[in-house]
Amino acid sequence: MTKSQAPISDDELMAFIDGALTPTRQRRIEQLAQHDDELADTIAALLAQRNALRDSVDSVLYEPIPQRLLQAEAPSHRSFQRVAAAMAWVAVGITVGSLTSWQYLSRDDSASTELSSVRHGTDLPRFVHQATVAHAVFAPEVRHPVELGTAELEALNAWLSGRLGRNMQAPDLARLGFSLVGGRLLPAETNKPAAQFMYENRQGQRLTVYLRGMAKPTPETAFRYVGAENVSTFYWVEKNWGYALSGDLSRPQLLEAARSLYDQLST
Amino acid sequence: MTIFSRRIVEQIPRLRRYAHALTGGNRENADDLVQDTLERAFAKWGLFRLGAELRPWLFSIMHNVFVNEVRHMRHRVPICSLDEAVEIGTPATQENHVQVHEVLAAVGRLAPEFREVLVLVSVEEFSYAETAKILSIPMGTVMSRLFRARTQLRTLTGEPTLSDTRSGLRLVQ
C-alpha cells in the first residue's frame, strides 16, 4: 500500500504495458507491483484497456473488403504508366484485364466507346474479378483463411447451401493432393452472395474455389483461363452459376483440378 | 496483378482496422480514409523504395491523409482536452472493466495526435521507434503522447486517472 520506493517513470510503465522492456526490467516492475496495490491496479487497468481497444476493432480484419477500396485508383491526372499500374493492380487477370479495368476502374471516357458493347452483355468479367480478388485477399491469410473449417464441415455445407440457395457440398480435391481448409460466405451481388472454399497441399500452396449465381442469364462457357503473375484462374459458367478456381499452379495442374470440380459441382 | 499491388491488397484489412480505430468506429469515415490512402499510395508508389517495409510506408501515408482531414474538419469534430475529459468521465461501476464499444467511442474523443500513437502501439503493435518514424515525431513525443492518451482514455471510460492513482508521480506535460 505504500508508494513505490523506487518510482517507475511513465515511460517505463508504458513500456511494461506494451511488453517493450527487457526481461530484467519487466521483472523489476512485477516485483514492485506485488507490494504496491495502486501500481498493480494501474497495470491491470492499462492492460485491460489495451485489450479492450484491440478487441473493439479486431473484427474489422475479417470483414470482406468493400468493393470501392478494391477499385481505388490514382487521381485522374496521373500519367499513362500510373493508370496502367493502377489497373494492373485491381484488374488481376491479364486476359480480362482491359475489360475488367474498364468496367471497374476507368473514369476515362475515351476508353469507353469501343468497349461499351460489353458493358451490358455479361457480368462474367465482374465475376472473374471478384473471384481473383477474393483469392488474393484470403489465400495468404494465416490466422483466419476461412470462416468455418473442416471441423464444422456439415455446418459449412448447410450454411452455404442456405445462403446460396442450392445444394452445396464442399468439393473434394484430395486426389490432387489438396485437402479442404474450409470455406466462407462473401458478398457479391444483391441477393447473390458468393461462396469460397479453400484448399491446401503439403507444400502450403493454396487453391480457392469461388462460385455464385450470375447476376443475369449468362451464356454457358467452356473452361476459360486467366493467368497473371502469381495467380491463375480457370472459370466457367454452367446453368447460370459461375465457378472460378484460382491458385499459383501450372496450367495443366489447375486444369485437372478444374475438371474434377466441374464434375462435382454441376447442379 | 503486380507483386507490389498484391502486397497492398493484403494490407487493406489492417489499414481498415487502423482507420476504424482512428475514426472512433465511424465506418464511412474510416473507409474514406482508407480509400484516400490507397489512392495516394498509387500516386506515390514510384517513391516507394524496393526492399523497404510496405506496411509502415502505407501507415505513414494514412497519417498524412488523416492529419489533412483533421485540419480541415477540426472545427466540426468534438475533441476534448484533458480538463474536459475529467468532467465528462462517469464513475466506473466495475473498475478495470472497460466495455469494448465504450472504449472505441472514447478513443474517438481523444485528440487526433493521441489517437494515432495509442492505436499504432496498442492495436497495430508497432514498436515505439516504428511509430515515431510513421508519425515523423521524436520517440520522446511518442512516449509522452502514449501516456497521456492512456490516461485520458481511462478518464473517458470512467476510471480514475493515472494522476489520481499515482499521485506521487508527475504527469508528463
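Two strands count as paired if DSSP finds at least two bridges between them. Keep that in mind, because strands of a sheet pair through backbone hydrogen bonds, either parallel or antiparallel. In β3(A), the bridge partner of A:Leu186 is A:Ala194. One caution before we go on: this is a predicted model. Its scores are ipTM 0.79 and pTM 0.52.

Let's start with the sheet in chain A. How many strands form it? There are 7, in an open sheet. Their order is β1-β2-β3-β4-β7-β6-β5, and the pairing is antiparallel. Which strands stand at the edges? They are β1 (148–149) and β5 (224–227) of chain A. Each has a single partner strand, so one side of each is left without a neighbour in the sheet.

β1(A) pairs with strand β2 (residues 179–189) of chain A over 2 bridges, in the antiparallel sense. There, A:Gly149 stands opposite A:Gly182 in β2(A). Next, β2(A) and β3(A) pair over 8 bridges, again antiparallel. That is where A:Leu186 and A:Ala194 are bridge partners.

One more step. Strand β3 (residues 192–200) of chain A pairs with strand β4 (residues 206–213) of chain A. This pairing is antiparallel too, over 6 bridges. A:Phe197 has A:Val209 in β4(A) as its bridge partner.

A helix goes with this sheet. Helix α10 (residues 251–265) of chain A lies across β4, β5, β6 (232–238) and β7 (241–247) of chain A. Against β7(A), α10 runs at about 150°.

On to chain B. What is its secondary structure? It comes to 9 helices and 0 strands. Of its 173 residues, 42% count as buried. Take the contacts in chain B with a separation of 6 or more: residues 24 or more positions apart account for 67% of them.

Look at one helix pair. Helix α6 (residues 112–122) of chain B packs against helix α8 (residues 139–156) of chain B. The angle is about 95°, and the axes are 8 Å apart. That makes α6(B) roughly perpendicular to α8(B). Which residues meet? From α6(B), they include B:Phe114, B:Val117 and B:Leu118; from α8(B), they include B:Val142, B:Leu146 and B:Ala149. By class, this contact has 7 nonpolar, 1 polar and 4 charged residues.

Stay in α8 of chain B, because B:Met143 has its place there, and it is buried, with 22 other C-beta atoms within 10 Å. The cut-off for buried is 20 or more. What does B:Met143 touch, leaving out residues up to four places away in sequence? It touches A:Asp11, A:Met14 and B:Tyr128. The C-alpha atoms of B:Met143 and B:Ala132 are separated by 9.3 Å, and these residues are 11 apart along the chain.

Last, confidence. The mean pLDDT of chain B is 78, and 72% of its residues reach 70 or more. Where is confidence lowest in chain B, and where is it highest? The lowest is helix α4 (residues 82–88) of chain B, at a mean of 41. The highest is α6(B), at 96. Over residues 75–97 of chain B, pLDDT stays under 50. Over residues 163–173 of chain B, it is below 50 as well. Where pLDDT is low, the predicted coordinates should not be read in detail.

How values were computed. Residues numbered from 1 in each chain as written. Chains lettered and ligands numbered in written order. Predicted model: local features only at pLDDT ≥ 70, side-chain atom pairs only at ≥ 80, totals over all residues. Axes fitted to C-alpha atoms, helices over the stretch in contact; angles between N-to-C directions. Helix = DSSP H or I, 4+ residues; strand = E, 2+ residues; numbered from the N terminus. Parallel < 35°, antiparallel > 145°, perpendicular 65-115°, else oblique. Contact = placed C-beta atoms within 7 Å. Nonpolar A, V, L, I, M, F, W, Y, C, P; charged D, E, K, R; others polar. pLDDT = per-residue confidence, 0-100. Buried ≥ 20, exposed ≤ 12 C-beta atoms within 10 Å, placed from the backbone.
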